[in-house]
Amino acid sequence: MKAKIQILLFGLTLFFSVNPVFSETEDKETIEINAKIELEKVSRNIINALRYGRFVLADTEWKKIQTEVYKSYPEYDYLNGSLLYSRMEWQEAKESLNKALKKEPNHEAASFLLGMIYAQEDSWSEAKNTWMETNQISPYNPFYHYNLGLAYFILKDYNNAILSLNKSLEYKTNYNEAKFILAKTYLELNETEKAKTELVTILEQDPKHIQASHLMGRVVYMTEKDPKKSLTYVKNQRLLGWREKKVYARCYFEIRKWRDAENLLRPIAYSPFADEYDQSFYLNLLLNLGYDERANDFFHFIQKQSQNESKIAEAYRMLLSSREGKDLLYHYFKLRY
């Protein structure tokens, strides 16, 4: 009997000595579970706020997760990178997103946003490489394939651009933005009929698509040589790309609207990548308009230039393409400025 009492007392002592450890473990697990739940809720609120430009709300939500318990999670670094991205603080945003990816290499949102920063910095090769990784993490997202295709287009890797854009359309059939870049890509490869097919489907679905309309006018002139018909596709001259400006200047010239032609061609003629045709055409326009003094000044200007095959010309062309590309990217977040 005495031995049984001793065993019972030993058991009770053991139970009460171990129980605080269990309690402490349970408290730690509860804290972690609650932290995850709160972080998920705050993350949704911040992401939605950034998407709709509600930056004050995003900053307010961010303040809710500033204790140490949240900072070990990759989502914390992703949210920090997202907020820094919205403020266009590119370098700090990259550092935070890389932290998130180091903790969780398959964090697709962090990978995608990192590529966006490279694009904003005109580093399209790095953007392309990053988005290739994003597409490996999440291979069925049409927007990821679209941005990758756009990066290939700007880098003049047209065959890969076509592959990525078609992959985007495979997952989002009526994605007009992807069709538009695909049409531009086909034009760069002189596959005019394929470009026209894509543009027709865009304009059937969305007749007010300004960029597709402008590109269609260019295609019409290339295939039919009808300047009047081509000009009917011009919706807003301020939104014309430099290639379209060349075509529509020629259209205006052919219907003897020389002043309109000169206005369109002027920024091209004075740009570092104007070719000899652009320069002689612009000189001819100035003479037809009776601008003899301006024609003389322009002649002396082009005599001093060594534009063709210059590094400056290529850099300028790349910057113009990059600016156009940034406008065409699929943007998940708005920027504050």
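Residue numbers start from 1 along each chain as its sequence is written. Because the model is predicted, local features need pLDDT of at least 70 and side-chain atom pairs count only at pLDDT 80 or more, while totals for chains, interfaces and linings use all residues; side-chain values use heavy atoms, with hydrogens and water left out.

The pockets come first. The largest pocket has a volume of about 590 Å³, and 25 residues line it. Nearest its centre lie Leu239, Leu240, Gly241, Trp242 and Arg323. Two or more lining residues come from each of α9 (176–188), α11, α13, α14 and α17 (311–328), and α17 gives the most, with seven. By class, the lining of the largest pocket splits into eleven nonpolar, five polar and nine charged residues. (A pocket is an open set of points on a 1 Å grid over the protein atoms alone, where a 1.4 Å probe fits, with protein on both sides within 12 Å along at least five of seven lines; lining residues have an atom within 4 Å of a point. Helices, such as those named here, are DSSP runs of H or I with at least four residues, numbered from the N terminus. Points are joined across faces, edges and corners, and the volume is the space filled by probe spheres set on them. Ala, Val, Leu, Ile, Met, Phe, Trp, Tyr, Cys and Pro count as nonpolar, Asp, Glu, Lys and Arg as charged, and the others, Gly among them, as polar.)

The second largest pocket holds about 210 Å³ of space. Its lining includes Arg218, Tyr221, Lys225, Trp242 and Arg317. Helix α13 supplies the largest share of that lining, four residues, and the lining as a whole has five nonpolar, one polar and five charged residues.

Lys225, one of the residues lining the second largest pocket, sits in the loop between α11 (210–224) and α12 (227–231). Its phi is near 55°, a positive value in a residue other than glycine. Lys225 is exposed, with a relative accessible area of 54% (exposed means over 50%, buried under 20%, and partly exposed in between, with a 1.4 Å probe and protein chains only). Arg256 also has a positive phi, near 65°; it belongs to the loop between α13 (242–254) and α14 (258–269), and counts as exposed at 62% relative accessibility.

Next up is helix α6, residues 124–137. Its 14 residues reach 20 Å from first C-alpha to last, close to the 20 Å expected at 1.5 Å a residue (the expected span is 1.5 Å times one less than the number of residues). Among the buried residues of α6 are Trp124, Trp131 and Thr134. Thr134 has 0% relative accessibility, and it touches Glu108, Ser111, Phe112 and Tyr144, not counting residues up to four places away in sequence (contact means heavy atoms within 4.5 Å).

Finally, the structure holds 20 salt bridges (a side-chain nitrogen of Lys or Arg within 4 Å of a carboxyl oxygen of Asp or Glu). Glu38 pairs with Lys41, the closest N and O atoms being 3.5 Å apart; both lie in helix α1 (residues 2–51), three residues apart, about one turn of the helix. Lys64 and Glu61 form another salt bridge, at 2.8 Å. Here Lys64 is partly exposed at 43%, whereas Glu61 is buried at 7%. Glu224 and Lys196 make a salt bridge at 4.0 Å, and this pair links distant parts of the chain, 28 residues apart, with Glu224 in α11 and Lys196 in α10 (residues 192–205).
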